[in-house]
Amino acid sequence: MQRAAGGGGPGWLRDLTRTKPVDQIVAEGGHGEGGELKRSMGLLQLTMFSVGATLGTGIFVVLGEAVPLSGPAIVVSFVLAGLTALFSALSYAELAGTIPVSGSSYSYTYATLGELVAWVCGWCLLLEYAVSVSAVAVGWGQYLNELADKTIGVTIPAALSSPPGGGGVVNVPAVAVVLLATFLLLRGTSESATANTVMVFLKVGVLVFFCVVAFIAFRAGNLTPFAPLGIAGISAAGSKVFFSYIGFDAASTAGEEARNPRRDLPLAILLSLGIVTLLYVAVGLAAVAAQPWREFEGAEASLAMVLDEAAGVPWPSAVLSLGAVIAIASVVLTVLYGQTRILFAMARDGLIPRIFMRVSPRTAVPAANTVIVAAFVSLLAALVPLGRLADATSIGTLFAFALVNVGVMVLRRTRPEMPRSFRAPLFPVTPLLGVGFCVYLMIRLDVATWTVFVLWMLVGLAAYFAYGRRHSRLRRAEAAAGERA
Ligand SMILES: NC(=[NH2+])NCCC[C@H](N)C(=O)O
């Protein structure tokens, strides 16, 4: 077996850049403390997992912000954002097929760029998963209120549906959806995956329903002029809608619970991106063809607005709200799942406490881990107004994506001979473009977001030096080997 490799140079540098051998990462897959994860997911469930984590708040609200920038050319913006995602998705697909474990980009980085960068990546994934799922849960509460208002004319009072500082005391619906998802996750992975698959079919159905109703109101005249604000507008809208593509990578956190991960993970990642892109383009086209693009300005529930106008009766938009409630619940479920599995992988490496890798022998899920993550996420969702943190999600995610693109290039150099079930085409053009796009989108985010990001990273580094570095299993094993020698 290949030995843990570190860079050359002084000892401390070697320490921080120590990589974990791929073969060792793969061999440890599935094992936790006290039990094993169970391989229960097939291609359909994995694909639905990624679609589940992706189709959510974004498509239900983003048009109101993006269409005023692009005009009817929003369709092109969706394709553009989808392409941007595709380059990173190809890199995810390659590494997920080669290193099919639960840690996703954290584990890929550990194998290619070393322990410190892996830690930083894991810390970014907290933004992509745990923090984003709190934000999404808050959004769920708002849709629930809207649905209740439309159907039975009741709403939850603000004191119980907003955080302190947002005009309330505690956000009960946000906590409720997190607890619901936790309950499902604790029952078992296959149960959760089945529930998710049903929810995904429902939400895709609702978006198709939207397209059908909106196409009835199709007016070709609405599509001209097609790009009133030019290329600049199209690309600005493109970076706005990028958020709605985040999540195609979720299947890569299920590597240790997939029945045939080497074949199915790359397929699930690419298929889910394809499905989501098609849906987004169709929804975007239907929306701007049904309604003049200027009317999207400032519309919060933009899809509901289009339906109200197109149908002339209120029930289709109630169906849409129901769809949003289901859609967002499945995002909460899958993203919460992903977070627990990433922490599971980090605990196995000793970088965070072992309790995160304790598997319940009865249900084969990391139960304590799930409860801790759920408690943390509920607390955030209940008490913090999360508007700001949503941008922090984007920056953390883009950074993790960039690392995966770099990881592909590194692994092709360091382990060219490894069997790869999927290879990114046109190497190294695709991962290079992947890095380029991620960095470009990061630069476009504002100073406040960068400040949050830098502070977050500083806290993360402090945690690494206070705990992770000292408990690293790789480091300890090497120290022990050094003593024996
Ligand atoms: N890590 C994640 N999958 N976070 C949720 C992403 C949000 C999702 N793309 C949406 O539009 O709602």
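The model is predicted. Three cavities of 30 Å³ or more are counted.

**The ligand and its shell**

- The residues around the ligand include Ala-53, Thr-54, Gly-56, Thr-57 and Gly-58.
- Also among the residues around the ligand are Glu-128, Ser-132, Phe-243, Ser-244, Ile-246, Gly-247 and Val-335.
- Helices α3 (43-54), α4 (57-61) and α8 each supply at least two residues of this shell.
- By class, the shell holds seven polar, four nonpolar and one charged residues.
- A nitrogen atom of the ligand lies 2.8 Å from a backbone N or O atom of Glu-128.
- A polar backbone atom of Ile-246 is 2.8 Å from a nitrogen atom of the ligand.
- For Ser-244, the distance between a polar backbone atom and a nitrogen atom of the ligand is 3.4 Å.

**The largest cavity**

- At least two lining residues come from each of α3, α4, α8 and α14.
- The largest share of the lining comes from α8, with four residues.
- The lining of the largest cavity divides by class into eight nonpolar, eight polar and two charged residues.

**The second largest cavity**

- The second largest cavity has a volume of about 50 Å³.
- It is lined by Lys-20, Ile-25, Glu-28, Val-101, Ser-107, Ala-345, Arg-348 and Asp-349.
- The elements that give two or more residues to this lining are α2 (22-28) and α14.

- About 340 Å³ of space lies in the second largest pocket.
- This pocket is lined by 18 residues, and the closest to its centre are Trp-123, Leu-126, Leu-343, Ile-352 and Phe-356.
- Helices α8 (115-152), α14 (315-348), α15 (367-383) and α18 (447-471) each supply at least two residues of the lining.
- With five residues, α8 gives the most to the lining of this pocket.
- By class, the lining of the second largest pocket has 16 nonpolar and two polar residues, and no charged ones.

**Backbone features in loops**

- The peptide bond between Thr-224 and Pro-225 is cis, with omega about -5°.
- Pro-225 belongs to the loop between α10 (189-216) and α11 (230-241).
- A cis peptide bond also runs from Phe-427 to Pro-428, where omega is near 0°.
- Pro-428 is in the loop between α16 (387-414) and α17 (429-444).
- Ser-104 is a residue other than glycine with a positive phi, near 50°.
- The loop between α6 (74-98) and α7 (105-112) contains Ser-104.

Technical notes. Residues numbered from 1 in each chain as written. Predicted model: local features only at pLDDT ≥ 70, side-chain atom pairs only at ≥ 80, totals over all residues. Heavy atoms only, no water. 1 Å grid on protein atoms, 1.4 Å probe; cavity = no way out; pocket = protein on both sides within 12 Å on 5 of 7 lines; lining within 4 Å. Points joined across faces, edges and corners; volume = space filled by probe spheres on them. Nonpolar A, V, L, I, M, F, W, Y, C, P; charged D, E, K, R; others polar. Near = heavy atom within 4 Å. Polar contact = N/O pair within 3.5 Å; in protein donor to acceptor, adjacent residues only side chain to side chain.
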